[in-house]
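Reader: Please take one part of this model and go through it closely. I would like to hear about the aromatic side chains and what surrounds them.

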Amino acid sequence: MDVESALRAHLLALRITMGVRAVFLTGFMGSGKSSVGRELARRLHWDFVDLDARIEMREGKSIAEIFSGHGEPGFRIAETAALLELTQSLKRDSVVALGGGAFTQNENLELLQAWPSVFLQATVDDLWRQSADEDAIRPLRKDREQFARLYAERLPFYRQATLIVDTTGKDLVAICARIEAALHLGQAKTESALDLPLSF
Ligand code: S3P
């Protein structure tokens with residue numbers, strides 16, 4: 001195990017010994033954060049939390065209404081408030097799907113420092129196609145050129161995630177298996193804590 005993976009495992013172990021485990025999924029609109037999150041949570045018998053749903057619940061408004069009433073700055077304030085509340089109140093092991101912009105705000109990255117995160121990487125073509133979901137209104141999905149530009153701007157943030165998984169051509173099972181193996185999530189709490197080296 002190299003130093004970086006040992007350190008990640010150590011951070012995860014700290015959380016484990018503190019009692020609650022969590023993994024945060026990040027990536028652009030249409031990268032599959034919610035579908036992967038639901039499937040990963042089901043496989044691990046963990047809770048699934050959708051940050052956008054939490055925001056809507058706290059604000060009593062849809063994401064589209066928050067954007068139209070308060071603009072993107074207003075939405076970002078609501079997003080950080082929901083994330084702060086969530087990270088302070090996690091009581092059960094959870095997989096959390098973040099909204100596409102949450103991981104690009106420095107204050108949110110600070111809140112997430114102690115938790116492992118996963119960037120679901122995909123091609124712009126796949127993202128554009130997969131985000132054309134009529135049920136999910138996405139105020140920041142305008143034309144394809146703007147979409148590609150925004151993705152490029154966000155990549156340096158997404159790449160700071162603990163783990164990067166290229167989802168191209170992979171199904172949900174393969175993506176979840178990769179995340180579980182890389183972050184040692186399949187193991188029982190005590191087992192994974194015991195497996196870890198004591199010093200690096
Ligand atoms: C956003 C993505 C959306 C939602 C909001 C802002 C973004 O979530 O949080 O519309 O900034 O990319 P999804 O990534 O789940 O679509």
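**Aromatic pairs and a charge over the rings**

Author: In this predicted model, Arg141 lies over the face of Phe147, at 5.9 Å from the ring centre. The charged end of Arg141 also sits over the ring of Trp128, 3.6 Å from the centre of that ring.

The structure holds seven aromatic pairs. In one of them, Phe24 and Trp115 have ring centres 5.9 Å apart and planes at 65°, so this pair is edge-to-face. Phe24 belongs to strand β1 (residues 22-26), while Trp115 is in the loop between α5 (106-112) and β4 (117-121); the pair therefore ties together parts that are 91 residues apart in sequence. Phe24 counts as buried because its relative accessibility is 1%, and Trp115 counts as buried at 7%.

The two rings under Arg141 also pair with each other: the centres of Trp128 and Phe147 are 5.0 Å apart and their planes stand at 70°, so this pair is edge-to-face. Distant parts of the chain are linked here, with Trp128 in helix α6 (residues 124-130) and Phe147 in helix α7 (residues 144-158), 19 residues apart. With a relative accessible area of 0%, Phe147 is buried. Trp128, at 21% relative accessibility, counts as partly exposed, because buried means under 20%.

Trp128 and Phe147 are also members of a cluster: ring pairs link them with Phe28, Phe119, Tyr151 and Tyr158.

Terms used. Residues are numbered from 1 along each chain as its sequence is written. This is a predicted model: local features need pLDDT of at least 70, side-chain atom pairs count only at pLDDT 80 or more; totals for chains, interfaces and linings use all residues. Side-chain values use heavy atoms; hydrogens and water are left out. Rings of Phe, Tyr and Trp (its six-membered ring) pair if their centres lie within 6.5 Å; planes under 30 degrees apart count as stacked, over 60 as edge-to-face and the rest as tilted. Helices (H or I, at least four residues) and strands (E, at least two) are DSSP runs, numbered from the N terminus. Buried means under 20% relative accessible area, exposed over 50%, partly exposed in between (1.4 Å probe, protein chains only). A charge sits over a ring if NZ of Lys or CZ of Arg is within 6 Å of the ring centre and within 35 degrees of the ring normal.
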